[in-house]
Structure formats: C-alpha cells, structure tokens
Amino acid sequence: PDPHVAASGSLNDQLFASAQRVIPGGVNSPVRAFRAVGGTPRFIARAEGAWLIDVEGKRYVDYIGSWGPMILGHGHPAVLEAVREALGDGLSFGAPTARETELVEAVLAQVPSIDQLRLVSSGTEAAMSAIRLARGATGRNGIVKFEGCYHGHADALLVKAGSGLATFGNPTSAGVPAETVQHTLVLEYNNVEQLEEAFALHGDAIAGVMVEPIAGNMNFVRASLPFMKRLRELCNTHGALLIFDEVMTGFRVALGGAQSVYEKAVPGFVPDISVFGKVIGGGMPLAAFGARRGIMERLAPLGPVYQAGTLSGNPIATACGLATLREIARPGFFDSLAARTRQLVDGLRAAAQDAGVALSGDSEGGLFGFFLTSELPQNYGQVIATDAARFNRFFHAMLERGVYLAPALYEAGFVSAAHGDAEIEATLAAARESFALLGD
Ligand code: PMP
C-alpha cells in the first residue's frame with residue numbers, strides 16, 4: 001500500500017490536507033485552491049505535451065498551460081535541451097551573460113515599439129517597475145488602471161474604484177495603506193466617456209495608463225478599437241505614458257503581442273512602455289519591461305529610477321525563454337496556433353448550441369475565452385454578472401471528463417502548439433456531455 005494514502009482519503013486529498021497544514025490554503029498562489037469553483041485542487045505529478053497528469057495518474061487536456069507560459073506544450077524537446085545545456089554552466093552568477101542580450105534582441109526583433117528591455121523575475125515585478133519608471137520619467141504620480149485588469153500584486157495596483165471619478169481608488173487587499181493607492185484611478189474597461197472625463201479632471205497629474213490590451217484576467221475581453229484609439233490620443237494630449245501590460249498577451253496572441261494586433265488596425269499605433277512575462281520565460285521565472293531608449297535610460301545605473309534583482313536575467317531562465325521564442329518565431333507558428341484555438345472555440349459554440357446552452361466565445365492567437373451567455377461581455381461588471389454557479393458545474397463536469405479549464409469564470413484559457421486534433425476532439429466530446437448536464 002502507498003504510504004501516502006490515508007485510510008480515509010485519496011492520495012490527492014491526503015496531499016492537500018498536508019499542504020493546508022503548512023502552506024496557507026495549501027497553495028502558493030490563490031487561484032490554485034479552487035475556491036471559486038469549489039472542490040479539491042488536483043495535485044499534478046507531471047505534464048507532457050498538452051496533458052497534465054495528476055498524482056493518481058488521471059490525465060487532463062491542459063487549457064491553463066501554467067497560466068500562459070507553456071505555449072509549446074509541456075516538455076518541448078528543444079526547450080528541455082537548452083535548459084539542460086545551461087544547467088551545466090551554472091545556476092546563477094549575478095554578473096552579465098551573453099544570453100541576456102540574445103534574449104532581449106529576440107524580443108526587440110518582434111516588438112518595434114521598444115528599443116531597450118530590462119529583465120526581471122515575475123510579471124508583478126515588471127509591472128511594478130514599469131509604474132515606477134512612468135512616474136520617474138514624467139515627474140507625475142497619477143496612475144490609471146481599469147477594473148478587471150490584473151497587473152500583479154504590487155501595492156499601487158491592488159486597487160478598486162473609489163466613489164466617482166473625483167476620488168482615487170481603494171485598496172483591494174488588507175495590508176495596502178490607502179495612501180499607497182491614493183494616486184491610482186480605476187476606470188471601467190471600454191468606457192470612452194469615463195476616460196474622457198478622467199483626463200479632463202486629472203490629465204495633467206497622470207504619469208501613465210496601464211492596460212491589458214486584451215484582458216485575460218476577466219476571462220477574455222478585448223479593448224475596443226475606439227477605446228484604444230481614444231486612450232492613445234488622450235495620453236498624447238496630456239503627456240501621459242501608455243503602458244501595455246502584455247504579460248499574458250505578449251508572444252501569446254501574436255508574435256508581436258497585442259500591440260501588433262492594434263497596429264494592424266491603426267497603422268503606427270504603439271504603446272510607450274510594454275510589460276512582458278509568461279511566454280517570454282517559457283515556464284521559468286522571467287519577465288521584462290521595455291520602452292524607447294529615452295524612457296529606459298531613466299533607469300539605474302544610467303538614470304535616477306532605481307530597479308534591481310538578484311536573479312534578474314537568470315541563465316537558466318534566459319535559456320528557456322530564448323529556446324521558446326525561437327520555436328514560436330518559426331514561419332506559420334501563430335497561424336496554426338490561432339486556427340487550432342478557433343477550432344476549439346467554434347466547437348464549443350456548436351456543442352453548446354446543440355445542447356440549447358447560450359455561449360459566446362472569442363480568441364486571438366493562443367488565448368481564448370468563453371461565457372455561458374449569448375453576448376460577449378465588454379467590461380468587468382458584465383463578466384461577473386454571468387452565472388458563476390452554472391460555470392462551476394460546467395468546470396467540474398469537464399474536469400471529471402479529463403479537461404482542465406481555468407478554475408474560475410474570470411480567467412482566460414490557453415491553447416498550446418501541442419494541442420492537436422485528438423485533444424480538441426476529446427475536449428469537445430467532454431463538452432457535449434457537460435453541456436447536456438447543464439440543461440435548463
Ligand atoms: N500582468 C498580467 C496581465 C498577468 O496576467 C499577470 C499574472 N497572471 C501579472 C501581470 C503578474 O504576473 P506574475 O504572476 O508573474 O507576477
């Protein structure tokens with residue numbers, strides 16, 4: 001008998017019980033605890049290609065991909081090889097390495113809006129540093145963000161709307177002093193009128209506007225073209241910096257990120273500062289922020305804006321990121337990833353329709369979302385107004401059938417290059433059964 005299995009529970013339950021004794025909630029990042037959907041999180045033993053395998057040997061088609069990084073699927077041979085090779089040379093030096101420059105050059109080759117990039121270890125760190133840079137570069141304090149967009153857990157960004165546009169935000173977490181968010185204004189996503197009002201009231205105090213250009217932290221919501229165009233104009237008029245948080249969308253919705261999607265519709269469109277994470281590290285702790293030279297030169301050691309990191313540009317992480325970026329830059333990679341993702345969303349829509357279940361869905365590149373409602377929501381209020389109990393039943397029906405969706409209706413989904421016809425078909429078969437259970 002397996003020594004880990006308690007008489008009263010499965011191995012998974014036993015592991016979760018042990019974890020909860022010594023780790024708050026049993027997890028090291030809250031969404032993993034399944035609090036939104038209920039039930040017990042699955043402990044994962046290993047992963048291969050598009051599949052997660054839990055500690056009891058059950059297999060799941062993985063639509064989380066470690067929340068974004070695993071765009072090539074798990075255990076891609078070229079990535080593993082690059083990591084193994086880097087391991088032999090040492091884990092960390094705290095001194096510059098050639099591979100950092102190589103990785104940055106690989107990013108710059110795809111993102112024409114930036115001249116220089118600084119590497120860090122998490123999206124939180126990158127977003128926090130981008131805010132400091134925007135403030136340092138403009139000499140202003142004000143920050144605008146949008147309800148439903150997540151930019152990591154830096155104090156100044158853990159904020160919800162105050163009462164009306166005249167007041168700045170309130171903290172969304174205990175331990176964040178109100179003073180820390182007193183310069184952060186929270187607006188509704190896709191609301192042009194509110195944007196106009198906010199700039200009319202506070203325009204000259206705004207250092208930067210941080211936005212997820214396609215929001216992946218309220219399921220999947222695109223910033224509309226008129227909204228994005230007006231945002232760019234208002235930033236220009238008032239001397240505020242437009243900061244694209246592409247931690248989720250960078251190298252995921254297109255090789256050039258969401259900014260390349262907007263540039264296609266509005267030629268010449270560029271953000272001022274870009275924040276990357278997830279895919280850029282290929283599954284290792286690596287993130288980055290970049291801008292044109294004049295802004296980046298404000299950073300230490302050249303300029304007065306301080307920013308640093310013991311493990312920044314880590315040799316294993318840069319090897320992993322570089323190998324990942326090489327693979328996704330191959331001709332046709334994004335065309336086929338986008339087609340695969342559309343195949344999934346179209347299939348879900350058809351399966352729902354056959355079962356008489358309302359569903360809307362959208363995707364860009366390898367990022368997708370779906371809602372159990374007939375119209376795509378345009379902002380956070382509309383997302384959370386959708387039926388959570390129904391989503392939760394669908395989530396568990398799918399999980400039971402071997403499909404691992406994000407365990408909350410306000411999260412996006414991720415498809416990898418390892419998702420093939422067999423995985424999509426298995427997913428849609430599970431979806432047909434699960435939609436039938438939803439009944440009305
Ligand atoms: N920005 C966005 C858009 C994100 O999706 C996330 C993480 N999901 C972050 C920032 C924070 O990144 P990290 O979890 O690496 O700190």
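**A hairpin to begin**

Strand 15 and strand 16 are antiparallel partners, joined over five bridges. Two terms here. Helices (H or I, at least four residues) and strands (E, at least two) are DSSP runs, numbered from the N terminus. Two strands pair if DSSP finds at least two bridges between them.

Before going on, the ground rules. This is a predicted model: local features need pLDDT of at least 70, side-chain atom pairs count only at pLDDT 80 or more, and totals for chains, interfaces and linings use all residues. Residues are numbered from 1 along each chain as its sequence is written.

Back to the hairpin. Gly-361 has Phe-370 in strand 16 as its bridge partner. Two residues sit between the strands of this hairpin, and Gly-365 takes a positive phi near 55° there.

Now the domains. The chain is divided into domain 1 (26–75 + 332–415 + 422–438) and domain 2 (77–328). Those bounds come from an automatic or database domain assignment. Taken over C-alpha atoms, the centres of domain 1 and domain 2 are 26 Å apart. Domain 1 gives 27 residues to the contact, and domain 2 gives 31. Contact means that the C-beta atoms of two residues, placed from the backbone, lie within 7 Å.

Which elements give two or more residues to the side of domain 1 that touches domain 2? They are helix 10 (333–354), strand 15 (360–364), strand 16 (367–371) and helix 11 (380–384).

Four strands make it, in the order 1-2-3-17, with mixed pairing. Strand 1 (44–48) and strand 17 (403–404) are the edges, and each pairs on one side only. Strand 2 (residues 51–54) and strand 3 (residues 59–62) run antiparallel, joined by three bridges. Trp-51 stands opposite Val-61 in strand 3. As a reminder, strands of a sheet pair through backbone hydrogen bonds, either parallel or antiparallel.

**The core**

What about the inside? The largest nonpolar core has 134 residues. A nonpolar core is a set of buried Ala, Val, Leu, Ile, Met, Phe, Trp, Tyr and Cys residues joined through C-beta atoms within 7 Å. Buried means 20 or more other C-beta atoms within 10 Å of a residue's own; exposed means 12 or fewer; partly exposed is in between, with C-beta atoms placed from the backbone. Those with the most contacts inside the core are Ala-126, Ala-130, Val-209, Ile-243 and Ala-288. Both domain 1 and domain 2 give at least three residues each to this core.

Take Val-275, in strand 13 (residues 273–276). Is Val-275 buried or exposed? Buried, because 29 other C-beta atoms lie within 10 Å. Leaving out residues up to four places away in sequence, Val-275 touches several others, including Ala-126, Ala-130 and Ile-243. Phe-289 is also among them. Val-275 and Phe-289 are 14 residues apart in sequence, yet 4.3 Å apart in space, C-alpha to C-alpha.

For contrast, Glu-233 sits in helix 6 (residues 225–238). Glu-233 counts as exposed because it has 12 C-beta neighbours inside 10 Å.

**The ligand shell**

There are 16 residues around the ligand, and Ser-122, Gly-123, Thr-124, Gly-152 and Val-247 come nearest. A residue is near a molecule if its C-beta atom, placed from the backbone, lies within 6 Å of it. Helix 4 (residues 123–138) gives the largest share of the shell, three residues. The shell has six nonpolar, eight polar and two charged residues.

The peptide bond from Ala-300 to Pro-301 is cis, with omega near 10°. Pro-301 is in the loop between helix 8 (293–296) and helix 9 (315–328).

Asn-219 is not a glycine, but has a positive phi of about 65°. Asn-219 counts as buried because it has 27 C-beta neighbours inside 10 Å.

Lys-278 is not a glycine either, and has a positive phi of about 50°. Find Lys-278 in the loop between strand 13 and strand 14 (287–291).

That's my tour. Over to you.

Note on methods
Nonpolar A, V, L, I, M, F, W, Y, C, P; charged D, E, K, R; others polar.
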